[in-house]
Each structure stands twice: as structure tokens, then as C-alpha cells.
Amino acid sequence: MAEFITDHKHDFDLEIVLDAFKKCHQSDGTVSIDEYLRAFHELCRFFRLTGKLFGFVAKDLEWKMKAIEIRRKSPHGSHYVTLQSMMQYERAEGIVRVKGRVPSGTRQFLRLHRALEFILEFMRQIHQRDDDEKTSHIASQVYHDTLSKHHPWVTRQIAAIAVYMLPPKKTLIDVMCKHDYNKVHTLIDDVTAAGEPIYNVTQRLYENYDLLNIP
């Protein structure tokens, strides 16, 4: 069974996530796809840095990002600048529900959006809890309330085992993050504040187009 390794300090950088989130939600209300993916690339590093424990999460998220990036770099890339322009284009072309080798950007973005709900709520709970609080309990509850409803039974069992291995809050932050504990605590609050409007705009868009349950 994979374990959380505590004898090596990592460099997960919440400042990168914060900067990307701030630039992602633009003044005209649109959501920048490039900045959204930049934030997620760093968030994926967090999962990758845990090694085997959450490597499966990083791999899954990276595949979803890659599918969007392929379309962003395609001849139709100008339609993939913002979430709004992507959804408008894919709805007009009738490709919103496309799966296959290169799924639609709308479909893959929805999966990242669901992950963001988990990430932001986990951060909120981490910020509020005591230093010695078990993050395994926090992650388990947040996962149950968010992502688990979108996952098959096998994935839920793997996730349950992985979160069980998480250390207390202060240990998790000290080992995983580039900055010191107090700085990270401040950054967590800033990141959740910057991420919330992005989540809300995305949620409303998918609700308005009745696309929250794309298979």
C-alpha cells in the first residue's frame, strides 16, 4: 500500500495557482481557458508529488487537460480562448457530447470543474481546522460531498484508501508546499477567494445550457 512520505520537502506553489485564478476570471466575466489550465497544471503537481498515493488523480486530470489543449492548438483554437467561446462553438458544431480519442472541450472542462469543487472545499476546510486535525477525515468528507457522486464504485474505493493515508494538516502543508506554514495558510484563503467566482461562473454556464450531466 502506498504511504505518504514525510522525509522530503516538496515545492507545490500556491502563488502560481493564485496568480492564474486572478487572471482567469476576466473583467468582462469570461473565463480564460489558458489561465484555468495553468492553475490546474500546478494543482496536478500537488497530486503528482504525493507519488503513488494520488498519482492516479494527476494522471486523470492531465488527460482531461490535454484533450482541451489539443483543441486549443488546433486550427479551430481561436474558439477555445474562453470557456464561453468554447461552449458557444461546440454547441453550434454539435460536438459538445463527443467522447472518443479527443473528447469535446466542454465535456472535459466539466470534469475539471467537478474537481475544482472538491479542491476549493478541501482548501476551505483545511484553512478552518486545527493544526493537528487529520486531513484524511477532511478529505474523506469533502470527497463524499463532491466528487464521489460522479465516480464509479472502483474509483471511490481507491480514493478512500488514498485519503486514509493523508497526514495531519500541519504535516501535509509543511511537506508539500514551497512556502512556510503561515504563508500557506494565507495563500489558501486567497486561492479559495479567487477560485470561487470562477467556479460560480462555470456552474451557471453549464446549468444554463443544461450540460451539467454530460456522460
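Q: Which helix gives the largest share of the lining of the largest pocket?
A: This is a predicted model. Helices 2, 3, 5, 6, 7, 8 and 9 each supply at least two residues of that lining. The largest share is 8 residues, and it comes from helix 5.

Q: Which residues lie nearest the centre of the largest pocket?
A: The pocket holds about 760 Å³ of space. Its lining counts 35 residues. Nearest the centre lie Phe47, Val57, Phe118, Ile119 and Leu147.

Q: How many residues in the lining of the largest pocket are nonpolar?
A: The lining splits by class into nonpolar, polar and charged residues.

Q: How many disulfides does a search of the whole structure find?
A: A disulfide needs two cysteine sulfur atoms within 2.5 Å. The cysteine sulfur closest to that of Cys24 belongs to Cys44, 15 Å away, so the gap is too far for a bond. Cys44 is likewise in no disulfide. The search finds 0.

Q: What is the relative accessible area of Cys44, and is the residue buried or exposed?
A: Buried means under 20% relative accessible area. Cys44 has a value of 1%, so Cys44 is buried.

Q: Which residues does Glu35 touch, leaving out those up to four places away in sequence?
A: Glu35 sits in helix 2, which spans residues 33-49. Its relative accessibility is 18%, so Glu35 counts as buried. Beyond its sequence neighbours, Glu35 touches Ala20, Lys23 and Cys24.

Notes:
Residues numbered from 1 in each chain as written. Predicted model: local features only at pLDDT ≥ 70, side-chain atom pairs only at ≥ 80, totals over all residues. Heavy atoms only, no water. Buried < 20%, exposed > 50% of the residue type's maximum accessible area, 1.4 Å probe, protein only. Helix = DSSP H or I, 4+ residues; strand = E, 2+ residues; numbered from the N terminus. Contact = heavy atoms within 4.5 Å. 1 Å grid on protein atoms, 1.4 Å probe; cavity = no way out; pocket = protein on both sides within 12 Å on 5 of 7 lines; lining within 4 Å. Points joined across faces, edges and corners; volume = space filled by probe spheres on them. Nonpolar A, V, L, I, M, F, W, Y, C, P; charged D, E, K, R; others polar.
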